[in-house]
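Reader: I am new to reading protein models and would like to go through one with you, step by step.
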Amino acid sequence: MGNCCSDVAGGQSAVGGTGINQNDPAYSPNEAVDAFLKSRGYQGLYSQIELSLSATSLRDRDMLSKSDPMAVLYSKEKDGSLKELSRTEVVLNSLNPKWITKYTIAYYFETVQNLVFRVYDVDTQFHNQDVKMLKLEEQDFLGEASCTLAQIVTKSGRSLTLDLVCGEQSSGQTHARKLGKLTVLAEESVSSKTTIELRLRCSELESKDLFSKSDPFLVVSKATESGIVVPICKTEVIKNDHSPIWKSMFLNIQQIGSKDSPLTIECYDFNSNGKHSLLGKIHKSLSDLEKLHSAGIGANLFIPAALGPNQQNKVLKSQLFVESYSEKIQYTFLDYLAWGYELNFMVAIDFTASNGNPRLPDSLHYIDPSGRPNAYQRAILDVGEVLQYYDTDKRFPAWGFGARPIDGPVSHCFNLNGSNSYCEVEGIQGIMMAYMSALHNVSLAGPTLFGPVITSAAHIASQSMTNNERKYFVLLIITDGVITDLQETMDALVQAADLPLSILIVGVGGADFKEMEILDADKGERLESTTGRVAVRDIVQFVPLRDVQNGDVSVVQSLLAELPSQFLEFMRFRKIQPTL
């Protein structure tokens, strides 16, 4: 997941970084560092969620006493199979059990985590057995319920009550007979929120550039149990400085392990080609860094020795200092959800002629009679199936661009539902139906312009912010070609960066998408408008989805994994704090 407990990427000074200065000239190359981190195995963070179960009005299956219920938790895999995760203890003689056994599960925003709960009445002869050894087929089935983890964490109080049913499927519908209720309570692990705010500086860094000083940034990594070093955090890049003082970073205790877990801190000289030069490194735990801060002293960096038994590390004059060190509870993505924040999904679809004639099988817009989704449909489904759980009314604005409606001029932002007055459709299936209908009611044209749809999405986000609504908007743009209004799009994005809005761009087909990567600041300079204004944060994620028709959806998940970070970045930039 992207992390929902602290920021991990994007236009921040560090994980969970502080305020942003849009005029800071040192800020522009920072997102390029993220690609470097990912190439070394960087993954987003996640939250640990503890699930508690209780039930009411269970069936009584015992003759001389009440049922002795036990709950079993499963994850439902993509192929429909169930994987057992945990069992509770057996509560004796109760139709309204409150089980003590908890189950801790990793919450990932970017995936749909389907859960199934089954309740059994354990026969008296098995009461002295370990619950893990019980054969479920020998116990009386009391009912089952299912939901997604997202449905639980987005509920008020993070508590979801479900009807227990018999679980048998008949014509795609579960039998209506209700067998009591099951309540699932989700609590975020306190360690998920405990963070160390750390501000570091270096002195006397070496120069790796011929005609200027180095452009240093730090990467903080941890060693896994297998010995693999995995990056977990970075600072911003500071240009042309051998004694840099970086902005504060937030290190999550859960992601590190403990304050005594060893960390590797590496200082690199930024290079735009991605081949960053090592200026020095150091091994310290958080406890070590806290001691450096208390003593007001630095520690020398070193360059690792070359291979060989008699080689020694080269100790440098360069030193690392801890300017500030504090421990605090950081508001998480789930905290904002509990406070009532929603993610509102929007979609904009490319109807330019380069997609090909929709009636022909080689068109990207071809609707396969077998029901196999095309690239556009797959992208909508893959993103929409995740985001729909974070939007209560499930009314999604949907637009098309680059087409000519019947008897009209080319439109670069038209309502997908055909209405002249409103742009919303009902649910993900509403988007799919409006999309297929539009294919019959518009003529594919061009050129490819993003500016109008981004402006429309920004207008909705701006109105919501003015009305103090607890909403954050996510616009999915699906396109097959290179945009022709690059600067106008950049201007719109610079303005939109001030708003509660993120934009996902999915490129379908085989076009050259190099210009799209310019919009994604992870791979280059921070966006600048024609007036010279620099975007306050990166709100764009782009990915070419060339293999989408073959079912490769991992790239879509990687896009979604960044959203909690962008969400938290906006909240901290605006100094919005939840009242819990």
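Reader: How many helices and strands does the protein chain have?

Author: Before counting, please keep in mind that this is a predicted model. With that said, the elements of the protein chain comprise 13 helices and 27 strands.

Reader: What percentage of the residues of the protein chain count as buried?

Author: A residue counts as buried when its relative accessible area is under 20%. Applied to the 580 residues of the protein chain, that cut-off gives a buried share of 54%.

Reader: How many residues apart in sequence are the parts that Lys181 and Asp163 tie together?

Author: Lys181 and Asp163 form a salt bridge, in which the closest N and O atoms are 2.5 Å apart. Lys181 belongs to strand β10 (residues 178-188) and Asp163 to strand β7 (residues 159-165), so the parts that this pair ties together are separated in sequence by 18 residues.

Reader: Which strand holds Glu426, the salt-bridge partner of Arg395?

Author: In the salt bridge between Arg395 and Glu426, the closest N and O atoms are 2.2 Å apart. Arg395 lies in strand β20 (residues 395-401), whereas Glu426 lies in strand β23.

Methods:
Residues numbered from 1 in each chain as written. Predicted model: local features only at pLDDT ≥ 70, side-chain atom pairs only at ≥ 80, totals over all residues. Heavy atoms only, no water. Helix = DSSP H or I, 4+ residues; strand = E, 2+ residues; numbered from the N terminus. Buried < 20%, exposed > 50% of the residue type's maximum accessible area, 1.4 Å probe, protein only. Salt bridge = Lys/Arg side-chain N within 4 Å of Asp/Glu carboxyl O.
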